[in-house]
Amino acid sequence: RLEVASAMCARRRPQYLPVLVGMLNRHELRSSARDAIAVIPGAIEFIDEVLKQRDFARDVRVHLPRTLVLFEPGVAAKKLLGHLITEKDGAVRFKILRALIKLRRQHPKLSLDEALLRRAAETTLDHAEELRRWKVGLTATTGGVIPQSVVKLDPMQAAHHLLVDLVRDKEQHATQRLFMLLDLLYSEDFEDIERGLRSKKPKTRASSLELVENIVQPPRRTR
């Protein structure tokens, strides 16, 4: 298959795009497939259309945002931002944000739609707060801990335990996406700040919190 991708790269024909996109779910083929996609005329429009197809294979869709980074930065950023608000799959949204951050790192002067990013940040913050309320409600009667002995004996407690874990994971992912959006809005390394806030060292957490308070503007800062 590597030889096929290389041959398609040399010939640069648009009719090869469906086959090359289908190779993106294979780790050993992904790099060669992307090299070929990047030089084929009309490829960015094709990738954009495939990304719009919600029923397309998920193990391929998650690799499309990173593939868009290979194209002209301004056009690629516009395509990615267009999907940021409409995309329903959390994993694909995460990949879109990673792709946008990569573009911004490679091209620090790249202009992004600030209004759209703020809208996405507000939506993500609302979602994170909702998940936090769910978590508080689910753990209110257990103090946040359900003994494993109880979980093993009671199917309802086991289901409750799984639900708590699911909500906690979703809250963590939403918070991570929020920090990525703040990274794009303020051109600061919020990934490093987020790690600091999760640190077990009080001094590191305090330092990261101070950075957030000095960078993020109200009313978003108070939330």
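Is S187 buried, exposed or partly exposed? At 48% relative accessibility, S187 is partly exposed. That figure, like the others here, comes from a predicted model.

## Two loop residues with positive phi

S187 sits in the loop between α11 (155-186) and α12 (190-197). Its phi is near 55°. That is a positive value, and S187 is not a glycine.

R12 is another such case. Its phi is near 55°, again positive in a residue other than glycine. R12 belongs to the loop between α1 (2-11) and α2 (17-22). With a relative accessibility of 46%, R12 is partly exposed; the cut-offs for that class are 20% and 50%.

## The nonpolar cores

The largest nonpolar core holds 56 residues. Within this core, L20, I37, L84, L100 and F190 have the most contacts. Helix α11 contributes the largest share, 8 residues.

In soluble globular proteins, nonpolar side chains tend to be buried together.

## F190 and its ring partners

What is the relative accessibility of F190? The value is 0%, so F190 counts as buried. Beyond its neighbours within four places in sequence, F190 is in contact with F179, L182, D183, V212, I215 and V216.

The count of aromatic pairs comes to 2. One of them joins F179 and F190. Their ring centres are 6.1 Å apart, with 45° between the planes, and the pair is tilted. F179 lies in helix α11 and F190 in helix α12, so this pair ties together parts 11 residues apart in sequence. F179 is buried too, at 12% relative accessible area.

Y186 and F190 also pair. Here the centres are 6.3 Å apart and the planes stand at 45°, so this pair is tilted. Both Y186 and F190 are buried. Through these ring pairs, F179, Y186 and F190 are linked into a cluster.

## I101 in helix α8

I101 is part of helix α8, which covers residues 90-106. Its relative accessible area is 13%. Buried means under 20%, so I101 counts as buried.

Which residues does I101 touch, leaving aside its neighbours within four places in sequence? The contacts are M180, D183 and L184. D183 is also among the contacts of F190. As for V69, it is 32 residues from I101 along the chain, and the two C-alpha atoms are separated by 10.0 Å.

## The second largest pocket

The second largest pocket has a volume of about 260 Å³. Its lining is made up of 14 residues. Those nearest its centre are L84, I85, R93, T123 and T124.

Helices α7 (73-86), α8, α9 (114-139) and α11 each supply at least two lining residues. By class, the lining has 5 nonpolar, 4 polar and 5 charged residues.

Methods: Residues are numbered from 1 along each chain as its sequence is written. This is a predicted model: local features need pLDDT of at least 70, side-chain atom pairs count only at pLDDT 80 or more; totals for chains, interfaces and linings use all residues. Side-chain values use heavy atoms; hydrogens and water are left out. Helices (H or I, at least four residues) and strands (E, at least two) are DSSP runs, numbered from the N terminus. Buried means under 20% relative accessible area, exposed over 50%, partly exposed in between (1.4 Å probe, protein chains only). Contact means heavy atoms within 4.5 Å. A nonpolar core is a set of buried Ala, Val, Leu, Ile, Met, Phe, Trp, Tyr and Cys residues joined through side-chain atoms within 4.5 Å. On a 1 Å grid over the protein atoms alone, a cavity is a set of points where a 1.4 Å probe fits but cannot get out, and a pocket is an open set with protein on both sides within 12 Å along at least five of seven lines; lining residues have an atom within 4 Å of a point. Grid points are joined across faces, edges and corners, and a volume is the space filled by probe spheres set on the points. Ala, Val, Leu, Ile, Met, Phe, Trp, Tyr, Cys and Pro count as nonpolar, Asp, Glu, Lys and Arg as charged, and the others, Gly among them, as polar. Rings of Phe, Tyr and Trp (its six-membered ring) pair if their centres lie within 6.5 Å; planes under 30 degrees apart count as stacked, over 60 as edge-to-face and the rest as tilted.
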